[in-house]
Each structure stands twice: as structure tokens, then as C-alpha cells.
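Subject: Structure handover

Hello,

Here is the structure I said I would pass on. Please look it over when you have a moment; my notes come after it.

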Amino acid sequence: MVFPQTPLDVEIDLWINGAWVDITNDVYVNEKIVITRGRADEGADVDPGNCKLTFNNRSGKYSPRNPLSPYYGIIGRNTPLRVIVKAGTPFLDLPGVPGGCASTPDVAALDITGDIDVRIDALLTNWLDASDSLHTTELMGKLGSASANKSWMFAVRDQRLYLEWSVDGTSVIGVKSTAQPVLPANGRLAVRATLDVDNGASGRTITFYTAPTIAGPWTQLGDPVVQAGTTSIFNSTAALQVGALNAALTFPAGRVHAAEVRNGIGGTVVANPVFTAQAVGATSFVDGAGRTWTIPAGTSISNRRVRFVGEVSSWPSRWDVSGKDVRVPIEASGILRRLGQGAKSLDSTLRRRIPSFGPMAYWPMEEGKAANGAYSPIAGVKPLELAPANWAAADSLVSSNALPTIISSTTTACTLYGRVPAPSTTLTRWAVEWMYRIDTVNTTLRTIMRVLSTGTAREWYVQQNNVSTRILCKDDDGATVFSVDIVTSTDLYNQWIRAKLAILQVGGNVNWNITWTDVGGDAGFFSGSFAGTIGRPTGVASPPDGYSADIDGMAIGHIAVWNTDFTHAFDKAVDAWTGETAGQRMSRLASEEGVRLGQWGEPTLQEQVGPQRIDTLLSLLEEAADVDGGILYERRDAVGLAYRDRISMYNQPVGLALDYNVAGHVAPPLEPVDDDQKVRNDVTVTRDGGASGRAVLTSGPLSVQDPPNGVGLYDTAVTQNLYSDDQAEPHAYWQLYLGTWDESRYPVLNLNLAAAPGLVDAVTLLESGDRAQIANPPAWLPPGPIDLLMQGQQETIGHPNDWDLQLNCTPAGPWIVGIVEDDALGFVDTDASSLATSVTSTATTLTVNVTDGTLWVWEAAFNIGVGGEVMTVTAVTGAVDDDFNRLVTNGWGTALTGETWTTTGGSASDYSVQGA
């Protein structure tokens, strides 16, 4: 027997010494466990997830400072906690460790050497964790642990589907999909790869697909990959495995529902384990193709559903006066609590990025106004001296905190000096790179940077005026080694410039080049050469006598010295990553800060964001999510975050299908609310630092008109970090659209899974933004299904069989959007239609007048609403169209659409059409 006939099987785990430890026996399961996740409604910020439960602490085990506790010193603030419910359909539970797999031994049927077709249906927590070519999340294959025994492997690499095979058992050929798979919010996806070893054109073709489940329908992912030369697959003796193989760097973690291997593309099935059809705890079974599968220890056929993973921030002990009932009421929280509590702002994008590339020396120069010098974040590098200077005076570089400007007094010129430590090896190339800005155009050549070195040229001068730049080198005696003038212009003024002087040893010559790059603009380049040696850089400096007063006010900073002539350290960071999409920014920041973040949607299609300003990690993530209009929320299966983009919520399939007439599907109360809580009919969106866009609803029931023609003014103004001014108006109209959707709200949808255990699979997959639909609502509500988006939830779990959920919902209607040329969603409504004649409740044909806009056309069945009733249109015929542009006597002739005009009075000779 299963739930609810038997008590609900709940497991509580703590992460102790690097592993999950089951401590369920120490939890008061008779007291309800309450879990809260997501947000209250659309547009609200997501609050940290929360889980409340109580530990039995009579033994003192859960007092972190108790030396008698077996957990002394290994539990405490932010110890991870996990809540699991065991119910619903089973699956193969992959632990994400070496050996975590199901396997079947090699047999003749699996010895495929020609075309192959492999498929797997899984819900993994680390689908796209393999984010570069050095890491691979293996899915299934015959890889083999011994040398010369490799056959094939299906995996994810660099966030692409990946198929690898060997011709000789040792060397491999690997192919990635041309597109990244788009994951649904619940993480379940079926993926497929086919290999055509001989495509008939002296080549081979590899094609990738995705589907909701292994049953399809399959959609091709990207373009087929065509390679020159036919191929074959090595006939190895390796076992077929689903899950972690023998050489993985990233082991799959999560659920596998089914897998399939076919000999030939769409050919004979030679293995098809359906893990959802097996009994919980089974360690062996035979699939439909006759293969015997074994489940090793550590992997299992399970129905474990993770309901919460969070961190325990405090361990308060409570006891009664007798001292016999000692408890620890735990309140675990999601990662948003930690990220939002006392977090410092992240450094500027340049300060964050440049040190990660390993410079010999680096001085950000972002000190405060009272500074006397600039520290270096690079170990062993002494502070840079700069005086006199106006520290923190130049704040217009978006990728930096405020930088200093040079000043001169009547007695003292501004000097700069930074010492560069000696490298551990002899250099064959080096470079100095820095940011500067001069707003007053000088007409005399003045030095803006001097680089000291040990080579033939001991001093490198970079000098600039309104028409040229001079590169001047002096030797150890101060004699000129060479001097060259480069034609430049005032383009190097009144904007931030990234400059780089690079030096290379090429045989007996010193090759040098200088590059200027406008921030967000063009680049310029010049190079030269002379006989000698490059030596090594020893320092960066001003001219010996200090900077000239001609360039007073020059801003300078982010001076980096490299042991190479080329790096990507300044790339993108120099303009604060302006223009990257919301998802790209969130993924990059999460990776940089070591926060786990899953992406549900396609990051490359999301809205572009403006510059990454200096703020907390959480604020930057939320800012990007706001620009794209998606939902940033906490992962259920790990301590981490997830982002669901706006596009992924368009026209999504129903994730939870309910029927009001089916007992247990909808728990009371179901209460619609028709109010003005979310009404916004006048919306202004402003790009941070840019232009604004405004959208106003001027007519209709929720317009700005006074009642009864509207509801009056409900205005709002928001500022967003948009990439361009062009985004402001579309954003305003989208928010207006959401704020004037004329439909009742159902703020809470109640579910009792003990009354409807058949909903367990669907309910436990629901994530923020998923669609739920209630069919056959009661007669006192408007007809048609109630369509909702789930924004958040509160879940109550208790012994023996309490399992209730309250889903926070908003209307799903606004998220059903049109798609050009789509068979179902490609229809555009006419501007105004009305019934030409009245109809009865049994009428099956309507006569419609189109008073504005285009006529109705017929492509496929579609629904219309008439007086609150939903009808399905199965055909559109009989429209009359006539411009009377003809000459007809004794009648009216025939309409353009073919109908014959008839007269109702007089004779035919009484009528004529004399042209329109």
C-alpha cells in the first residue's frame, strides 16, 4: 500500500562531514513541517524560502557548542538541511558520484558499429553544470574503463549536447550540438542523438533533438553537424551504462525516467530501460528489449522527492520546566537570506576581473578622497605612489569606482611611481595596460605614461597632444634609442581610453605596439621595431619631473603590468559588461561568486541589460531579472538559485491539470477576487541614466477614464537598468498589459494530496511560473477553464498523511501570446465584431458584422467568447464583399464574393448599378 493508505514517508537530512545524514528519528514528525517558497504574486520580490520543524534534543545532539554531542564542531550556522517526501512514481535516482549508474552487460545486440540512435529522459540538477570543454556530464554510453575498449558516449559538454565515439577503441571523435538545450523550469528533458556513419555524400551526420519526455515529440536542436569522411563505431566489450561512466569529470545527479538505444536511426530497439515501471528499491530488472539491468549500491530505484534544501542559521534550545522535553525549533532558510543579509557591494568590474588573469602588478587606484597612494590586490606588489592628486575625483567610468586626477601646484608637479616585482622566469614579451581620460586638449606633446625596464630601452615614454602620439625610448645613459610620431587626433580626448603598450622579443629585435581603445568605441593600433633586447618591466611612472600642468585633470587608473603581450582581462569588463543579456549576467556573476544558479530558458534571447554597477550580488541579480521580466527564485533541490526567463512562460503547456468535478482535485476554498490590487493603467519606464517610455490605457474597463468608462488613474514609474533607450517603451507597454488584464484573480489555490494522490507527480514538479489549469469550474463562476500561473507556495507536511499545498497564483491569460504564422497562435483579432442577429442558447451558426478591421478568416478551429460563453468556431463562410464597381442594368449583378443579389420589390428593370 502507498500514501495515503500508509503514513507519508518523510526524510530529514543534515549535511554533516561532506554527506547527507538521515536524522528523521530526531524530528518531531507529529508536528507539521511548513515550507514556504517563491513569491506572493506577480511583480513581488521573491522572499527567502523557509522551512520550520522541530528536533528532539534531549540527548543534546543538536546543541552545536555541546562537546558531548557527536556533531560537536561539525554543525552550526548555515548547516544545510534537506526535506524529502517519498511518494509518487519511481525513477532511477543518480547520486552524482562515481559509479552512480545503472548498467547492463555487453551482448551481441549492443555491438552497434553503424548508425546509432540514443535517447534519455531525465530530470537532472546539473544538466548544464559542464560549462566548458574540460568538463562533461555523462548521460549514457559504452565507454569502458580499459584502454582500447571505448565505443560511444552521450553527454553534455560546454552546455551543449555531445556525442562521442571511437573507431579504434582508443582515440575518439566528439561532436557538440550547435545550440544549447532549453530546459523547462522543472528540469525534466528528453534528449536524443543520432549518428549517420555514411550520409551518402562521403561524410557522416550527427543530429541532436529534445522532447518533453522520451515519448516525444522530438524537436531538432540546432543544425545537423556534417563532417567529412565516413566513420564507424568500435565494437567494444564495455557494459552499457546510464548515468556516471568511467571517465567523468561531472557526474549526473537527479532522476532518469527512461533510456533507449536503437540500432540504426529510428531502428531496432536494443535496450530500453523504463525506470518508472520498476518497484522502489529494485536492484535488478529486465527491460522490454531483454536486457538485464543492475542497480549498484549508492544508486537506487526511488521515489524520493526533494521538497526543500536550505541552511539552518540558528539552533535555539528550548525545554519545559521538568527538563525532560528539550527541543530545538529549527527555521532553515534558502540562500536568499544569506545573500541579502549584510552583503557588501561587489567590486567594480575592472577590479574584479583583472586580478584573475594573473598580472605581474596591478593598481586599481579606486581609493577614497583621503588616500596617499594606491594599494595593489596582487601579493608582493607595493602600493603605487601618486601625489599630489585629487583622489576619487573622476567617477564617469562605469566599470570603475572613482579614480584620481593629477594636479600641479605652483611648487610641486604630480608624480607617479609603481614598482613592478621581478618575474621568476626570463620574459619574451610583456605589456603595460591602463585607463586614462584627458578633458583639456593640450597642443604640446606631454608624457602620459612612462614605463621603466631593464632592456635596451630603459625608459618608454608615451606622449600625446591634439594631433599626434609619440613613442620615445631612452637607454641607460638617457640617450634616445628611437622616437616615432604617430598621427592621432582629439578622439583621444574627452572620453575614457584604454591604452596598452606591448613589447616582444623577436630574434635580435624588439617589436613593440601601442593600442588605444575607446570605451565602447573604436580601436587604433601602431607598431614598430628596433634592434635590442626587451628586458623586463621594473616600474610605471610619470615623467621624472612630474606631469605637466598642460594635462592637469587627467584621470588615470587600473594600471596593469603583464608577462605577456595579450590578455582578455579588460575585455567586456571595461564597459561593465554593457549589452550582455540578463541570463548571461546572472550566470557569470553566480559563477564568479561561487553561487549555484540554474537557467530555465535561452539566455541569448533574453533582454539586454545596461552596465554592471557597483552593488551587492543579490541586487545585481534581481536587477537583471527585472529587466528581462522573469523570476529569480531559490532552487528546491540544492542550496542555490534558479532563473526562469520571461519567454519560457509564454504559451507554456499546462503543468498541473485539475478538474473541479473530480473529487480531491481542488480543496476548498477557491475564492476569486475582483479588485484593483495590481491595476496599473499609466506606466512610465525609464532607462537608468537614459530616456523614458510611457504607455497609457485610454479606453476600456480598466482605462484611465473615470468610472463607469474606466477605473480612473493608476500610475506607476519605474527605473530599470536597460541597455538602450529603445527598450523603455516596449517595457512600459508590457507592464501596462500585465497591469490592465481584465480578469478575476485567484490568489490561492488549495491542494490536499492525501485526497488526490494521483497529483503527486505533477504537483511536486511545479516551479515558480508554471501553469496550472482548473477545468469545469462551478456554474456560479465564468465559463471556461481557470488558467493560472503559480508564483509561490506554502507546503505543510505532517504525520500520518497530511500533505497540503497553498499555491500563490496569478492569471495565466496575459502569458498566452501570439506567434506569427503559428497554426494555433497566429490569429489576429478584428478590431470590432458584433452579432448581426440575436441567437438562442442552441444556435450553432452565428451571423457576425465586422464593424472595424479585417474580416474573419478560416485556418483551423478557434475559440471565441460571446456574452461570457466560450464557443468553438469550426468554419467561417458566407461573408459578402462588394464594391459595386460595375455597370449592370435590370439587376444588381453578382457580389465580388460570388453571391447573387436579388430584389424584394418592383421588377428587375427598376434596378441598375451604374458604377461605384
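Predicted model: local features only at pLDDT ≥ 70, side-chain atom pairs only at ≥ 80, totals over all residues.

Strands around E23

Strand E23 covers residues 326–333 and pairs with strand E4, residues 50–56, in the antiparallel sense over 7 bridges. Within that pairing, Cys51 has Ala332 of E23 as its bridge partner. E23 also pairs with strand E21 (residues 300–312), again in the antiparallel sense, over 2 bridges. There the partner of Glu311 is Ser333 in E23. Strand E22, residues 318–319, runs antiparallel to E23 and is joined to it by 2 bridges. Here two arginines face each other, Arg318 standing opposite Arg327 of E23.

The eight-strand sheet

There is an open sheet of 8 strands with antiparallel pairing, in the order E25-E26-E29-E38-E31-E32-E33-E34. Its edges are strand E25 (373–374) and strand E34 (480–487), each of which pairs on one side only. Inside this order, strand E32 (residues 459–464) and strand E33 (residues 468–474) run antiparallel and are joined by 6 bridges. One of the bridge pairs puts Tyr461 with Leu472 in E33.

Nonpolar cores

The largest nonpolar core contains 83 residues, and Trp127, Trp152, Phe154 and Val261 have the most contacts inside it. The element that gives the most to this core is helix H4 (residues 617–628), with 7 residues. Another core lies apart from it and has 69 residues, including Trp430, Ile438, Ala457 and Val561.

As for Val261, leaving out residues up to four places away in sequence, the residues it touches include Ile112, Ile116, Val118, Met140, Trp152 and Leu240. Asp117 and Thr268 are also among the residues that Val261 touches.

Arg204

Arg204 is found in strand E13, residues 203–211. Beyond its neighbours within four places in sequence, Arg204 is in contact with residues including Trp165, Ile173, Asp196, Asn199, Val225 and Thr231.

Regards

Methods: Residues numbered from 1 in each chain as written. Heavy atoms only, no water. Pairing = 2+ DSSP bridges. Helix = DSSP H or I, 4+ residues; strand = E, 2+ residues; numbered from the N terminus. Core = buried A, V, L, I, M, F, W, Y, C linked by side-chain atoms within 4.5 Å. Buried < 20%, exposed > 50% of the residue type's maximum accessible area, 1.4 Å probe, protein only. Contact = heavy atoms within 4.5 Å.
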